[in-house]
Amino acid sequence: MKNKLFYFILLMALWGSAQQQEADSLISVTAGMQLIDEASFPDAVVYSRDQSAQVYVQHKGIKMWCDRAFLYREDNFIRAIGNVRMEQGDSIQMSSKYAEYNGSTQLAFASGAVQMKNPESTLKTDTLYFDRVKQQAYYRSGGTVRDTASTLTSRIGRFFINDKRYQFLDQVKVVNPEYTINSNHLNFYTDTGHAYMYGPSTITGSTSNVYCERGFYDTRNDEGYFIKNSRIDYDNRTVTGDSLYFNRARSFASATNNIVVTDTMNNSIIKGHYAEVFRAKDSVFITKRAVAISVQEKDSVFIHADRLMVTGPENDRVIRGFYDVRLYKSDLSGKCDSIVSNQNTGLTKMIRRPVLWSGKSQITGDSIHIQSNVKTEVLDSLRVFYNAFIVDKDSSGFNQIKGKELIGQFDDQNELKVVNIYKNVENLIFSRNEQQELVGINKGTSGRMEIIFEDREMAVITYLDDPKDITYPPEELPENSRKLRGFNWRGEERLISKQDLFKGKAAPVLTKIQGIPLPDVEPEFFSQENQDQLHKRSRLKQTDLDNRPEDQVEEWTPGEEDAGNQKESPVMRQGQKSGG
């Protein structure tokens, strides 16, 4: 008897639970006025507001208010008209002129001045689909989203409520007081303001433009990270690299690996593998196989250093190189510890242990200045300050001339034509006859000496200001007397080609570029169930629920730029310096 009673109570409880579940699955409506008119509104119960309140609708945690509603109870389907408001918990609020809702599929459709709000953003569109099962909202006839910092528009938009993420497709535009983003695919997180761009995208501001085909941008903090064909354009300067970091508030950008900084105003290029650009200060810092190229029509000038800095406004750029500086031009090369080159004045200063090679001549001194003609792009003059020393290699030894200072003039072919050496001049010259036979070694002193070069060799030497010299037969001048004090032949260091800019240096270890997450390929928004249960009284047509191929996101294929931990924050990665 007890067992029968237990099973009866259990059966009643299950039946009551089933009844409650069935009641909960049905749309519930409360209204001031109710009408059933099968002739005018077949299968529907018509609800209307009264003076005190709107029609109130409930279903599985969703609440809706409207001026008039048509409930098709047998199909668990409702149409709402006039001042429609819909709420889902505390997070989603939607308003429109018209809405309909299928209680079986939990798909809502709204049209006419649609507005959906969540705590972080507001969406406006003319037509919106809301799938409560997936917790996704979708439009494909154009929409506008406003958050705390920006306004975002696109033809297609999909809002993933649980992720607080929008997926914008086709004609995507983000407008901020400081910049505008244009893209065809952009994922936007409403809680952080983070935007991920895929495909050709631009960020246009008053002082800079950014282009990338894969990028991240923090729209609230105005900073970003870009890979895949990325580029930053300033007024007259363009920065490219495997990865770029950009901070508008600081007027700062950095680049990593295979960097090219092009200065269109001064016709120059800087290359390297780590760079920092300060736009407000008009400066660029670059390292890791850094080289500056002054592009000239006839013959470009290459300057390499461990670290290069370019500073100054566009009409007065200054290049500074530090540590193991190397200079190459087809007819001139050199080395020093540091260098300063002013592109406006054409003056290049080689500092600390400078050496210059022109033709067969090696020139050294405490410092060397090279003057170029900025208009004709040819070398003009050369000055060596203190301990000037010129060496010209001869088959029997080294022609040598030294003095306090040296001034040289170049011809229009960038070759040394005339050199004057001043004060305390000493010389050791191998003299040859017309058959180029060695006939003597001249050794002497003077107050000044003039040298005329022909075919890149010393041709005519004139002793001036109290010259005193002796020509020794070769056999009478011992080897240990054939070098002037301070002689230092550095021919093995000479740069023969631009490849020698990096001669003897190990290739730099490049920073591993961190990727940006590829976009998820989401399941299609409309399900077969949505299409099968389209109500006959719906304003929608079957074609409205078709998943169109042209509205789908492109499936991306991972590339080299996707190496590394893709889930790590791009901005946090860039906060850790890559250079050195």
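## Exercises on a predicted model

The side chain of Gln343 makes a polar contact with the side chain of Ser268 at 3.4 Å. A polar contact is a pair of N or O atoms within 3.5 Å; within protein, one must be able to donate a hydrogen and the other to accept it, and residues adjacent in sequence count only if both atoms are side-chain atoms.

This is a predicted model, where local features need pLDDT of at least 70, side-chain atom pairs count only at pLDDT 80 or more, and totals for chains, interfaces and linings use all residues. Residues are numbered from 1 along each chain as its sequence is written, and side-chain values use heavy atoms, leaving out hydrogens and water.

**Exercise 1.** Find where Gln343 sits, and decide whether Gln343 is buried or exposed.

*Solution.*
- Start with the place: Gln343 is in the loop between strand S26 (332-342) and strand S27 (347-351). Strands (E, at least two residues) are DSSP runs, numbered from the N terminus.
- Next, check the relative accessible area, which is 18%. Gln343 is therefore buried, as buried means under 20% and exposed over 50%, with partly exposed in between (1.4 Å probe, protein chains only).
- Finally, look around: beyond neighbours within four places in sequence, Gln343 is in contact (heavy atoms within 4.5 Å) with residues including Asp263, Arg317 and Val374.

**Exercise 2.** Which backbone oxygen lies 2.8 Å from a polar side-chain atom of Thr287?

*Solution.*
- Locate Thr287 in strand S23 (residues 283-294).
- Thr287 has 4% relative accessibility, so Thr287 counts as buried.
- Now follow the side chain of Thr287: the backbone oxygen at 2.8 Å belongs to Asp306.

Terms used. Helix = DSSP H or I, 4+ residues; strand = E, 2+ residues; numbered from the N terminus.
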